[in-house]
Amino acid sequence: MGSAGALPWERKQAHAQQTQEQQNLLLKARAHGIAVSEKAPDVSLADACTEFLEEIRQQRTAKTIAQYTTALDYFQASCPRVNLHAIDRQHLMRFMVFLAEQKHLAPRTIWTKVAIVVQMLKANGITNLLKRRDWPRFVEKVPQAYIAEELRRFFAACDQRERVLFEFFLGTGLREKEVQYATWKDIDFQENTARVTAKARWGFIPKTWEEREVLIPDHLVESLRCHKAAANPDCPWIFPSANGCVSYHFLSECKRIAWRAKLNCGTCHTKQGHCHRGPYCANWFLHKFRATYATNQLRAGTDIRTLQVWMGHKDLASTMRYLKAGYGKDLLAKVNEAFALVTRHEGQGSQEGNTSADAASVLPPSDQSGASFPP
Ligand SMILES: [Zn+2]
């Protein structure tokens, strides 16, 4: 394929490689005693950011572009009028302080913004400025998963179409966008698989630029078969909007079902309103189905590498997060049972007694994680 037909990221990659090769040449020349000018190419940070955003614009969603733009704007604000090749570790460290003190951002958000800047620098052949310990530390939140009883009530409140839709979310672990763009062609009814494929025509590209395939349970295949029989044969989408287009209403559907099923927590307050007044509960969201899928897979003994592929995670660490969410009512029952023996023996004669919650809280973390999954 000629360079004219190359995708933007391929060009970028070629550019980074070229920069790297130039640096290697420079080093080699110096090693042979050849005098070479130290002067780096004169590129302003502003130009480099603009060019990088131009590339991003061609491959990412509007939301991502906005996120990248903000991060790079902030970076330029923290070190104005600087030459790209003059940027060093100090600039990045100052950027972090700027984000914390001027923008009042949390460590998690600072981490993301720094990662975007590092990505821009890498695209320009500038790497390894930050040491591992330089990165902001933050507490990784445990992903939330639905418990079986919640799901039972949720599905009981679904109509036929809603039931298939959310069985699909739960049975494939696909991201919201991946479900929006899922077509009948992506389902293999013989092999029990759903594929996540690029739909360039519609501007859909899988998140990590990789297509993938997941195994789906029999009951979901059956539900999809019925759903297909009733579907418009001219519509490519599995879950289209009422007028046959890509649907953008899955989240509000999810919240409406939870409201109907009386599953709102009753205490949270979201932008849309108080959750005891309508379908606004913050505990009901689409990604939670994906987290529940991951948790269920791990608890069923699916090995983490396989799950990483199914989830479409670029790194194993993302998949590992779901190990933490593996606690449910059945595990709690086991913990209670184990400690009931202890409390029965020790608690004899004691009026106070230990509650199971107290007992669980003294369980060392390593025991908790070790107990939940087969090796
Ligand atoms: Zn709520």
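Trainee: At roughly what angle do the axes of helix α3 and helix α4 cross?

Mentor: Keep in mind that this is a predicted model. Helix α3 covers residues 62-78 and helix α4 covers residues 89-101. Their axes come within 9 Å, and they cross at roughly 105°.

Trainee: So which word describes how α3 and α4 lie to each other?

Mentor: Angles from 65 to 115 degrees share one label, and the crossing here is roughly 105°. That is why α3 and α4 count as roughly perpendicular.

Trainee: Which residues of α4 does α3 meet?

Mentor: Start on the α3 side, where Y74, F75 and S78 make the contact. By class, the contact has five nonpolar, one polar and one charged residues. On the α4 side, the residues are R94, F95, F98 and L99.

Trainee: Now the sheet: which strands stand at its edges?

Mentor: Three strands form an open sheet in the order β1-β2-β3, with antiparallel pairing. β1 pairs with β2 over two bridges, while four bridges join β2 to β3. A strand with a single partner has one side left without a neighbour in the sheet, so the edges are β1 and β3.

Trainee: Along β2, which residues are buried?

Mentor: The side chains of this strand alternate between two faces.

Methods:
Residues are numbered from 1 along each chain as its sequence is written. This is a predicted model: local features need pLDDT of at least 70, side-chain atom pairs count only at pLDDT 80 or more; totals for chains, interfaces and linings use all residues. Axes are lines fitted to C-alpha atoms, for helices over the stretch in contact, and angles run from 0 to 180 degrees between N-to-C directions. Angles under 35 degrees count as roughly parallel, over 145 as roughly antiparallel, 65 to 115 as roughly perpendicular and the rest as oblique. Two residues are in contact if their C-beta atoms, placed from the backbone, lie within 7 Å. Ala, Val, Leu, Ile, Met, Phe, Trp, Tyr, Cys and Pro count as nonpolar, Asp, Glu, Lys and Arg as charged, and the others, Gly among them, as polar. Two strands pair if DSSP finds at least two bridges between them. A residue is buried if 20 or more other C-beta atoms lie within 10 Å of its own, exposed if 12 or fewer, and partly exposed in between; C-beta atoms are placed from the backbone.
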